[in-house]
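User: Hi! I'm new to reading protein models. Could you walk me through this one?

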Amino acid sequence: MNIKALAARLDHVESRSAIEALISTYANAFDRLDADLLQQIWHQDSTLDLPGFGSAQSRDEILSMAEQSWQQMPHMHHWMANALIQIDGD
């Protein structure tokens, strides 16, 4: 195996691991009602679309949406399993 192919495979594995960690952090932040942690995982220009719950066009809107969800459902329990992650490109 050449170095370029090995580097691509390693990048794929590291990217997948980072995405899985992000998913877990998202679930933990929501379940613990942790606005500080939730704020840390979103870029200022992030968007979030959750059918049935709403959509947000920035990190501030995402945090506002989270606060509204916490008021309506203060006991969240995310169960994250079998993540389907497809990496296509950089």
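Analyst: Happy to! In the protein chain, confidence is lowest in S1, at a mean of 91, and highest in H2, at 95. Confidence here is pLDDT, the predictor's own score for each residue, from 0 to 100. Helices (H or I, at least four residues) and strands (E, at least two) are DSSP runs, numbered from the N terminus. This is a predicted model, where local features need pLDDT of at least 70 and side-chain atom pairs count only at pLDDT 80 or more, while totals for chains, interfaces and linings use all residues. Residues are numbered from 1 along each chain as its sequence is written, and side-chain values use heavy atoms, leaving out hydrogens and water.

User: And what is the mean pLDDT of the protein chain?

Analyst: The mean is 91, and 100% of the residues reach 70 or more.

User: Where do Tyr26 and Trp42 lie?

Analyst: Tyr26 is in helix H1 (residues 3-31), and Trp42 is in the loop between helix H2 (35-40) and strand S1 (48-50), so the pair ties together parts that are 16 residues apart in sequence.

User: Is Tyr26 buried or exposed?

Analyst: Tyr26 counts as buried, at 15% relative accessibility. Buried means under 20% relative accessible area, exposed over 50%, and partly exposed in between (1.4 Å probe, protein chains only). Trp42 is buried too, with a relative accessible area of 15%.

User: Which aromatic pair does Phe30 form?

Analyst: Phe30 pairs edge-to-face with Trp70, at 5.8 Å centre to centre and 65° between the planes. Phe30 sits in helix H1 and Trp70 in helix H3 (residues 59-72), so this pair ties together parts that are 40 residues apart in sequence. Phe30 is buried at 5% relative accessibility, and Trp70 is buried at 8%. Tyr26, Phe30, Trp42 and Trp70 form one aromatic cluster.

User: What else does Phe30 touch?

Analyst: Leaving out residues up to four places away in sequence, Phe30 touches Leu38, Ala66, Trp70, Met76 and His78. Contact means heavy atoms within 4.5 Å.

User: Which residues touch the most other members of the largest nonpolar core?

Analyst: Phe30, Leu38, Trp42 and Trp70 do, out of 14 residues in that core. H1, H2 and H3 are the elements that give two or more residues to this core, and the largest share, five residues, comes from H3. A nonpolar core is a set of buried Ala, Val, Leu, Ile, Met, Phe, Trp, Tyr and Cys residues joined through side-chain atoms within 4.5 Å.

User: Back to H1. Which of its residues are buried?

Analyst: In H1, Tyr26, Ala27, Ala29 and Phe30 are buried. The buried residues of H1 pack against H2, S1 and H3. Just after H1, Leu33 takes a positive phi of about 55°.

User: Last one: is Trp79 buried or exposed?

Analyst: Trp79 is exposed, with a relative accessible area of 79%, and is found in the segment after H3. Trp79 and Ser24 are 55 residues apart in sequence, and their C-alpha atoms are 9.3 Å apart in space.

How values were computed. Rings of Phe, Tyr and Trp (its six-membered ring) pair if their centres lie within 6.5 Å; planes under 30 degrees apart count as stacked, over 60 as edge-to-face and the rest as tilted.
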